[in-house]
Amino acid sequence: MSQPPRAHRAHRGERNGDNRHYRDSHDDRRPSTDRSSSRPPYYPREADSPPKHAREAPRVEHQQSKCTYICSRRGIVLICSVLTNSLVLICVVAAQMVTSGMSSAAGLGGFNINSNFNLQGTELQKVRELDMQYSQMRAPGIYGGIAFSLTLGVLSLLFVVSGSKPPHLMSKKLLYGALVFQALGAAAYVVAVGLYLHFIIGVNATDVCQQRERLYARNGYTWMSCNVSGADAAVALFGLITAILYTAGTVLTIRTIRGVRRYLQERKDRSRSRPMRAEITSV
């Protein structure tokens, strides 16, 4: 009689088993962070901070910026104009040396005139005098060509060196100076080439050049003529190429100035919109 009935004990055992099952299932539903205490805690603020390699990236870009901006399209055109100015200078000097005849050959000291030229006596003296007169007549052309090409080449090199900064960080005077210089340089080279050819043709049409040509041709030297020489033609060719380069540089500089204006205007608009947003948020 003191023992409870079996049905009541079985019912209580099933109820206790259900409670144990519920606790076990509830323990299984707990997050894994409670069970694994060895895992380091999560800090969400570290995700906002950039990694170290991202912070060091602008330094590498800043070191390569000078070559990047010098080798832009505008800089490459200016570098090519420096090279063509050098070629014009070389061709002007070469033209003077080639057309000077025996006087230039004697000045170089590479050979003996009496043994290499079939000229003697009065003819030799006459050729020397004509060569001297012809060289003096061509002197303004060579001096003007050297001064002109050297000046424009040095100025072009200075503008190349000054373009090592981004366009929006350069002074406006420098950009407008490059624009005016290239525009005037293109027009000046076209005019200079025309004047140079007109001057050379005028010198070759004189009696001094005609007598000189006949004396050389009489002794078999037909290469000394009064036509425009190949070196003079090269001067005109490289001069026109330089004018084309300056024209292209003018167009690129105009586009650069417009881009800088647009960039500065957009940056000014963004700076104006920031205070307005701050006032709206404060209200």
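Reader: How many residues does helix α6 have, and what distance does helix α6 reach from its first C-alpha to its last?

Author: First, the ground rules. This is a predicted model, in which local features need pLDDT of at least 70 and side-chain atom pairs count only at pLDDT 80 or more, while totals for chains, interfaces and linings use all residues. Residues are numbered from 1 along each chain as its sequence is written, and side-chain values use heavy atoms, with hydrogens and water left out. Helices (H or I, at least four residues) and strands (E, at least two) are DSSP runs, numbered from the N terminus. The expected span of a helix is 1.5 Å times one less than its number of residues. Helix α6 covers residues 73-99, which is 27 residues, and reaches 39 Å, close to the 39 Å expected. Just after α6, glycine 101 takes a positive phi of about 75°.

Reader: How many helices and strands are there in the chain?

Author: The chain has twelve helices and zero strands.

Reader: What percentage of the residues of the chain count as buried?

Author: The classes rest on relative accessible area: buried is under 20%, exposed is over 50%, and partly exposed is in between (1.4 Å probe, protein chains only). In this chain of 283 residues, 30% count as buried. Accessible areas themselves come from the Shrake-Rupley method with a 1.4 Å probe, and for residues only the protein chains shown count as cover. The chain exposes about 19,500 Å², of which carbon and sulfur atoms supply 60%.

Reader: Which cysteines form a disulfide?

Author: A disulfide is a covalent bond between the sulfur atoms of two cysteines. The criterion here is a pair of cysteine sulfur atoms within 2.5 Å, and by this rule the count is one. Cysteine 209 and cysteine 226 form that disulfide, with their sulfur atoms 2.2 Å apart. Cysteine 209 is in helix α11 (residues 207-218) and cysteine 226 is in the loop between α11 and α12 (230-282), 17 residues apart.

Reader: Why is the disulfide of cysteine 209 and cysteine 226 left-handed?

Author: The torsion about the S-S bond of cysteine 209 and cysteine 226 is about -130°, so the disulfide is left-handed. Cysteine 209 is buried at 1% relative accessible area, and cysteine 226 is buried at 11%.

Reader: How do cysteine 80 and cysteine 91 count, buried or partly exposed?

Author: Cysteine 80 is partly exposed, at 31% relative accessibility. Cysteine 91 is buried, at 13%.

Reader: How many salt bridges does the structure hold?

Author: Side chains of opposite charge can pair when their charged atoms come close. The test is a side-chain nitrogen of Lys or Arg within 4 Å of a carboxyl oxygen of Asp or Glu. The structure holds two salt bridges. In one of them, the side chains of arginine 212 and aspartate 131 meet at 2.4 Å, N to O. This pair links distant parts of the chain, with arginine 212 in helix α11 and aspartate 131 in helix α9, 81 residues apart. Arginine 212 is buried at 2% relative accessibility, and aspartate 131 is buried at 0%.

Reader: Which residue forms a salt bridge with arginine 138?

Author: Arginine 138 pairs with aspartate 232, the closest N and O atoms being 3.2 Å apart. Arginine 138 lies in helix α9 and aspartate 232 in helix α12, so the pair ties together parts that are 94 residues apart in sequence. Arginine 138 is buried at 3% relative accessibility, and aspartate 232 is buried at 1%.

Reader: Which residues does threonine 242 touch, not counting residues up to four places away in sequence?

Author: Contact means heavy atoms within 4.5 Å. With that sequence exclusion, threonine 242 touches Ser81, Thr84, Asn85, Val88 and Tyr189. Threonine 242 lies in helix α12 and is buried, at 0% relative accessibility.

Reader: Where is leucine 175?

Author: Leucine 175 is in helix α10 (residues 172-204) and is buried, at 4% relative accessibility. Leucine 175 and threonine 253 are 78 residues apart in sequence and 7.3 Å apart in space, C-alpha to C-alpha. Not counting residues up to four places away in sequence, the residues that leucine 175 touches include Arg74, Thr253 and Val260.
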